[in-house]
Amino acid sequence: MIGVDLPGHGASKSAVDRDAADLLLDEVAKHGTVDAIGFSVGAWALLLAASERPAAFERIAILGAADMVLTGGMQAEAMQRPLIDALRSTAEPTDNPMAMMIRMMIAEAGNDRDSVADYLAANKRFATAEGLAAITAATLVVEGGSDMAGPSDLVAASIPNSERLVIAGVDHFEIPTNEECMSAVGSFINRPSR
């Protein structure tokens, strides 16, 4: 198993100007065709990579990739700016519960808030519904039924060879540690090849 840190996360603190999809594709190029799993921003990086280089991926599991990124412009600078500002601020963003939670998660993971903010502020390519149609990998789309970002209907419908799992009562940040999710993803990734 190979892990790829998002820019500004883990060991990639100095790579904040790199596109996460490019980091992923650089690693994939060393191994040929791969299976891959991505959560949240990592899921979107994986979707972009798989749409740009479909032959590199056999199976992908996408966790917490809400349609709102495609339809609500969540990737737009105007949508990202409040979070970026809250991450860079020395004051606690008590009026922004989401920013408070993300700051806590960054601290618990040992990441640097400024590096994560720099990554969020950097120019990046984003997956589109049209681009998702180019994905040839067998794809499992997992969403939490209580994810505040919303469902993944359009994401799943846009990928030709996809199946979808909705886990009732699970919010966005619970998805990757949820037992049902882990079991489903493990079974999916370990299925015999087509």
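What follows is a conversation about how a few labels were reached for this predicted model.

Colleague: Happy to start simple: what makes up the secondary structure of the protein chain?

Modeller: The protein chain has 9 helices and 4 strands. Read from the N terminus, the elements go α-β-α-β-α-α-α-α-α-β-α-β-α. Of its 194 residues, 45% count as buried.

Colleague: What share of the contacts in the protein chain with a separation of 6 or more comes from residues 24 or more positions apart?

Modeller: That share is 65%.

Colleague: Let's turn to helix α2. How does its reach compare with the span expected at 1.5 Å a residue?

Modeller: Helix α2 covers residues 41–52, which is 12 residues, and it reaches 17 Å from its first C-alpha to its last. The expected value is 16 Å, and the reach is close to that.

Colleague: Why is α2 called largely enclosed by the rest of the structure?

Modeller: Because 10 of its 12 residues are buried. To count as buried, a residue has to be under 20% relative accessible area. The ones that pass are Gly-42, Ala-43, Trp-44, Ala-45, Leu-46, Leu-47, Leu-48, Ala-49, Ala-50 and Ser-51.

Colleague: And which elements do those buried residues pack against?

Modeller: The partners are the helices α1 (20–29), α3 (68–71), α7 (129–132) and α8 (153–158), together with the strands β1 (34–39) and β2 (57–63).

Colleague: Why is α1 described as oblique to α2?

Modeller: The axes of α1 and α2 come within 8 Å and cross at roughly 60°. That angle makes α1 oblique to α2, because angles under 35 degrees count as roughly parallel and those from 65 to 115 as roughly perpendicular. The crossing of these two helices is right-handed.

Colleague: Which residues meet where α1 and α2 touch?

Modeller: From α1 come Ala-20, Ala-21, Leu-24 and Leu-25, and from α2 come Ala-45, Leu-46, Leu-48, Ala-49 and Glu-52. Sorted by class, that contact has 8 nonpolar, no polar and 1 charged residues.

Colleague: Now for Arg-103. How do you know whether to call it buried or exposed?

Modeller: Arg-103 has 6% relative accessibility. The cut-off for buried is under 20%, so Arg-103 counts as buried. Its place is in helix α5, residues 97–109. Setting aside neighbours within four places in sequence, Arg-103 is in contact with Ala-86, Leu-87, Ser-89, Thr-90, Ala-91, Glu-92, Pro-93 and Arg-113.

Colleague: What makes Glu-163 partly exposed?

Modeller: Glu-163 is at 34% relative accessibility. Glu-163 belongs to strand β4, residues 162–167. Not counting residues up to four places away in sequence, Glu-163 touches Thr-139, Leu-140, Val-141, Phe-188 and Arg-191.

Colleague: Then how do you know how to class Thr-139, buried or exposed?

Modeller: Thr-139 has a relative accessible area of 0%. Buried requires under 20%, so Thr-139 is buried. Thr-139 sits in strand β3, residues 138–144. Beyond its neighbours within four places in sequence, Thr-139 is in contact with Ile-60, Ile-62, Ile-159, Asn-161, Ser-162, Glu-163 and Phe-188. Thr-139 and Phe-57, 82 residues apart in sequence, are 9.8 Å apart from C-alpha to C-alpha.

Methods
Residues are numbered from 1 along each chain as its sequence is written. This is a predicted model: local features need pLDDT of at least 70, side-chain atom pairs count only at pLDDT 80 or more; totals for chains, interfaces and linings use all residues. Side-chain values use heavy atoms; hydrogens and water are left out. The expected span of a helix is 1.5 Å times one less than its number of residues. Buried means under 20% relative accessible area, exposed over 50%, partly exposed in between (1.4 Å probe, protein chains only). Contact means heavy atoms within 4.5 Å. Axes are lines fitted to C-alpha atoms, for helices over the stretch in contact, and angles run from 0 to 180 degrees between N-to-C directions. Angles under 35 degrees count as roughly parallel, over 145 as roughly antiparallel, 65 to 115 as roughly perpendicular and the rest as oblique. A crossing is left-handed if the near helix is turned anticlockwise from the far one by less than a right angle, and right-handed if clockwise. Ala, Val, Leu, Ile, Met, Phe, Trp, Tyr, Cys and Pro count as nonpolar, Asp, Glu, Lys and Arg as charged, and the others, Gly among them, as polar.
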